[in-house]
Amino acid sequence: MNIIQPSFEIWDQQPGPDGVYRQIERAGRVCYKSENNATLTSAKPFVERMVKSQHTAMLEHGTVYLRGCGLDKYHYNKFSRYTNVGDEDFVTTNLRVLVENGWESDMSLFCEPTPHHQRRVTVHFTTQVAITREFNRHRANSMAEQSTRYCNYSKEKFSGEISVNLPSWVSCQGNTTDDLLTLCQKVADGSADDYENWLFANMAAEKAYMNLVAAGRKPQEARAVLPLDTNTELVHTAFVSDWLHFFDLRALGTTGAPHPDAKLLAEPLLEEFRKRQLI
């Protein structure tokens with residue numbers, strides 16, 4: 001069993017339309033942990049397959065900035081931000097909006113973001129399943145998450161083990177045994193400390209998961225025994241205004257105390273946004 005610390009990374013979208021495709025592919029491959037299949041030329045075909053299969057949710061991670069005239073139709077699209085300055089329109093939207101509305105020709109007006117565009121920002125989180133459930137309540141955000149339905153943790157690319165994300169209240173103790181039967185006895189007789197109880201529960205879940213997969217159960221069935229601390233990767237792309245709402249709830253606690261493990265990520269992410277002058 002692999003124990004991982006929570007982390008985050010802001011993913012800057014690369015320039016040009018090709019950067020849109022690459023951002024979509026990067027987010028989409030998180031779901032199946034197929035990042036190793038990405039190549040210098042795989043992004044556009046990846047997006048084309050998503051469109052053909054009508055799996056357009058991933059297209060939301062490709063931010064499209066437009067500049068030109070006659071773009072006021074985006075003013076009425078709730079997934080876009082529209083600004084008019086003089087004779088020019090400035091639009092921030094995403095590729096899904098263009099594809100599903102038949103507006104792909106507007107890509108000819110693609111530009112890099114200006115001060116008149118509201119920025120969209122993509123963040124990659126490494127955290128526990130319990131916390132992504134809280135983060136995914138921010139429904140205005142575009143989301144992509146590693147799938148326990150399709151990821152088979154018994155396979156070599158996962159080193160044949162599950163990964164768990166260390167909660168803030170748990171402290172790793174180097175002198176604690178990792179023998180499952182010994183831990184089981186301590187849990188049963190009530191002598192286990194917090195870390196030993198946590199470690200045993202996750203190790204037992206891993207053992208049960210691997211047994212079920214070995215017995216022929218599919219990952220989507222075996223995942224029923226995975227703990228809430230199971231490590232996952234989550235990608236959120238959102239307008240800066242929506243990130244401000246995220247920070248209000250998960251870092252600043254304007255509506256009540258945030259979960260400590262949510263705050264552990266949200267507070268430094270807020271500082272990173274400030275450092276980059278995104279807010």
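How many helices and how many strands does the protein chain have? The chain has nine helices and nine strands. Please keep in mind that this is a predicted model. Along its principal axes, the C-alpha trace spans about 75 × 45 × 30 Å. The chain has 279 residues, and 47% of them count as buried. Among contacts between residues at least 6 apart in sequence, 71% join residues at least 24 apart.

**The four-stranded sheet**

Let us begin with an open sheet of four strands, whose order is β2-β6-β9-β7 and whose pairing is antiparallel. At its edges are β2 (7–11) and β7, each of which pairs on one side only. From one strand to the next, the twist averages 20°.

β2 and β6 run antiparallel and are joined by five bridges. Ser 7, for example, has Thr 126 of β6 as its bridge partner. Two helices pack on this sheet. α1 touches β2, β6, β7 and β9 (231–239), and its direction makes about 155° with that of β2. Helix α8 (residues 240–252) touches β6 and β9, and its direction makes about 130° with that of β9.

Thr 126 deserves a visit of its own. This residue lies in strand β6, which covers residues 120–128. Is Thr 126 buried or exposed? Its relative accessible area is 12%, so Thr 126 counts as buried. Leaving aside residues up to four places away in sequence, Thr 126 touches several others, including Ile 4, Pro 6, Asn 165, Thr 232 and Leu 265.

**The three-stranded sheet**

A further open sheet has three strands in the order β3-β5-β4, again with antiparallel pairing. Here β3 (63–68) and β4 (81–85) stand at the edges; each has a single partner strand, so one side of each is left without a neighbour in the sheet. The twist averages 15° from one strand to the next.

β3 pairs with strand β5 (residues 88–94) in the antiparallel sense, over six bridges. Although β3 is an edge strand, five of its six residues are buried, so β3 is largely enclosed by the rest of the structure.

**Helix α6**

Now look for helix α6, which covers residues 194–214.

At the N-terminal end, Asp 193 caps α6: one of its side-chain oxygens lies 3.2 Å from the backbone nitrogen of Tyr 195. The helix is followed by Gly 216, whose phi is positive, near 105°. The buried residues of α6 include Tyr 195, Trp 198, Leu 199, Phe 200, Met 203 and Val 213. Their cover includes β1 (2–4), β8 (163–165), α5 (180–189) and α7 (219–222).

**Cysteines and accessibility**

How many disulfides does a search of the whole structure find? The search finds zero. The sulfur of Cys 31 has its closest cysteine sulfur in Cys 151, and that distance of 8.6 Å is too far for a bond. By definition, a disulfide would need the two sulfur atoms within 2.5 Å.

| Residue | Relative accessible area | Class |
|---|---|---|
| Cys 31 | 12% | buried |
| Cys 151 | 1% | buried |
| Lys 33 | 22% | partly exposed |

**Two loop residues with positive phi**

Most residues other than glycine have a negative phi. Lys 33, in the loop between α1 (16–32) and α2 (43–52), has a positive phi, near 55°. Ser 159, in the loop between β7 (142–145) and β8, also has a positive value, with phi near 60°.

Definitions and conventions:
Residues numbered from 1 in each chain as written. Predicted model: local features only at pLDDT ≥ 70, side-chain atom pairs only at ≥ 80, totals over all residues. Heavy atoms only, no water. Buried < 20%, exposed > 50% of the residue type's maximum accessible area, 1.4 Å probe, protein only. Contact = heavy atoms within 4.5 Å. Pairing = 2+ DSSP bridges. Axes fitted to C-alpha atoms, helices over the stretch in contact; angles between N-to-C directions. Expected span 1.5 Å × (residues − 1). Polar contact = N/O pair within 3.5 Å; in protein donor to acceptor, adjacent residues only side chain to side chain.
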